[in-house]
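I am opening a notebook on a structure that is new to me. My entries follow the order in which I looked things up.

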Amino acid sequence: MAEAAKPPDFWAWLGAAISLVLGLWLLIAGWRTLPLARGDLLVADHVGPMSYSTPLIRVSSGRRGTATYRTQDLWLVVISDNPRINYQQLYRPARGLWVDGIDRLDRGQQVRFLVDPSDRLVYEATSRGKTFLAYDDTAEKLTSGAHRSFLFGFALLAGAVWHLWPLASRYWRERQGAGEAHGG
């Protein structure tokens, strides 16, 4: 009786490789999404009424199509020793957050922003003891997004291991069998 042909391992290896790469990518993305400590942020001060825009951002949401959300574009100058950062750049609050009250500033009112210049992200905005955007809200939003990335990344890595384990064990058994058959 002829032995049944084994299905090709190519698709199993390919699926495992894709899961492995996507899982690692999500873990790295989650790590990069984690919020910076308050001490690692730079200060950007603005005095007086502030002009800003509120563009509508369209993002892909997978099978559900596209989603939109409104954000704020704030032009700020960061105070830093690094001359590459000391110019006006566009900053935004984290997705889903808003810097409330910046449209009602008095003439000469100073607003202090804590920003991350590498991601051009506003973490906090305060003026005269009033908080327009809290650091804790931004950190919570970024941490929850990082945790989602970690969760899906680890799930994909577990799926890759689940696919690779039987393939690898069968490969090693076949190699051992071939070595014993040749007297090795």
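**Entry 1, burial.** Before reading any residue I wrote down the cut-offs: a residue is buried under 20% relative accessible area, exposed over 50%, and partly exposed in between. I also noted that I am working from a predicted model.

I then listed what Gln109 touches, leaving aside residues up to four places away in sequence, and found His46, Val47, Gly48, Arg104, Ser127, Arg128 and Phe132. With one of these, Ser127, the side chain of Gln109 makes a polar contact, side chain to side chain, at 2.8 Å.

Arg128, which Gln109 touches, has its place in the loop between S8 and S9. I recorded Arg128 as exposed, with a relative accessible area of 59%, and I noted that its phi is near 50 degrees, a positive value in a residue other than glycine. Arg104, also touched by Gln109, is exposed at 58% relative accessibility. The side chain of Arg104 meets that of Asp103 in a salt bridge of 3.4 Å, N to O, and Asp103 is partly exposed at 48%.

Arg120 is not a glycine either, yet I read a positive phi of about 50 degrees for it. Arg120 sits in the loop between S7 and S8, and with 42% relative accessibility it is partly exposed.

I asked which residues touch the most other members of the largest nonpolar core. The core has 26 residues, and the ones I was looking for are Leu74, Leu76, Val99, Phe113, Val115 and Val122. At least two residues of this core come from each of strand S5 (73-79), strand S7 (110-116), strand S8 (121-127), strand S9 (130-133) and helix H2 (135-181). I kept a general remark beside this, that in soluble globular proteins nonpolar side chains tend to be buried together.

Arg38 pairs with Glu124, their closest N and O atoms being 2.9 Å apart. This pair links distant parts of the chain, since Arg38 is in the loop between H1 and strand S1 (42-47) while Glu124 is in strand S8, 86 residues apart. Arg38 is partly exposed at 40% relative accessibility, whereas Glu124 is buried at 13%.

Asp73 forms a salt bridge with Arg92, and here the closest N and O atoms are 2.5 Å apart. This pair, too, links distant parts of the chain, with Asp73 in strand S5 and Arg92 in strand S6, 19 residues apart. I noted Asp73 as buried at 8% relative accessibility, and Arg92 as partly exposed with a relative accessible area of 29%.

Thr71 is found in the loop between strand S4 (66-70) and S5, and with a relative accessible area of 3% it is buried.

I asked which residues form a nonpolar patch on the surface, and I wrote down Phe10, Trp11, Leu14, Ile18, Leu22 and Trp25, with about 680 Å² of accessible area together. Trp25 lies in helix H1 (residues 10-33), and I recorded it as exposed at 55% relative accessibility.

My last entry concerns Ala134, in the loop between S9 and H2, which is partly exposed with a relative accessible area of 21%. I compared its position with that of Arg70: the two are 64 residues apart in sequence, and 18 Å apart in space, C-alpha to C-alpha.

Note on methods:
Residues are numbered from 1 along each chain as its sequence is written. This is a predicted model: local features need pLDDT of at least 70, side-chain atom pairs count only at pLDDT 80 or more; totals for chains, interfaces and linings use all residues. Side-chain values use heavy atoms; hydrogens and water are left out. A nonpolar core is a set of buried Ala, Val, Leu, Ile, Met, Phe, Trp, Tyr and Cys residues joined through side-chain atoms within 4.5 Å. Buried means under 20% relative accessible area, exposed over 50%, partly exposed in between (1.4 Å probe, protein chains only). Helices (H or I, at least four residues) and strands (E, at least two) are DSSP runs, numbered from the N terminus. A polar contact is a pair of N or O atoms within 3.5 Å; within protein, one must be able to donate a hydrogen and the other to accept it, and residues adjacent in sequence count only if both atoms are side-chain atoms. Contact means heavy atoms within 4.5 Å. Patches are made of residues with over 30% relative accessible area and no salt bridge: like charges are joined within 9 Å, nonpolar side chains (Val, Leu, Ile, Met, Phe, Trp, Tyr) within 5 Å. Accessible areas come from the Shrake-Rupley method with a 1.4 Å probe; for residues, only the protein chains shown count as cover. A salt bridge is a side-chain nitrogen of Lys or Arg within 4 Å of a carboxyl oxygen of Asp or Glu.
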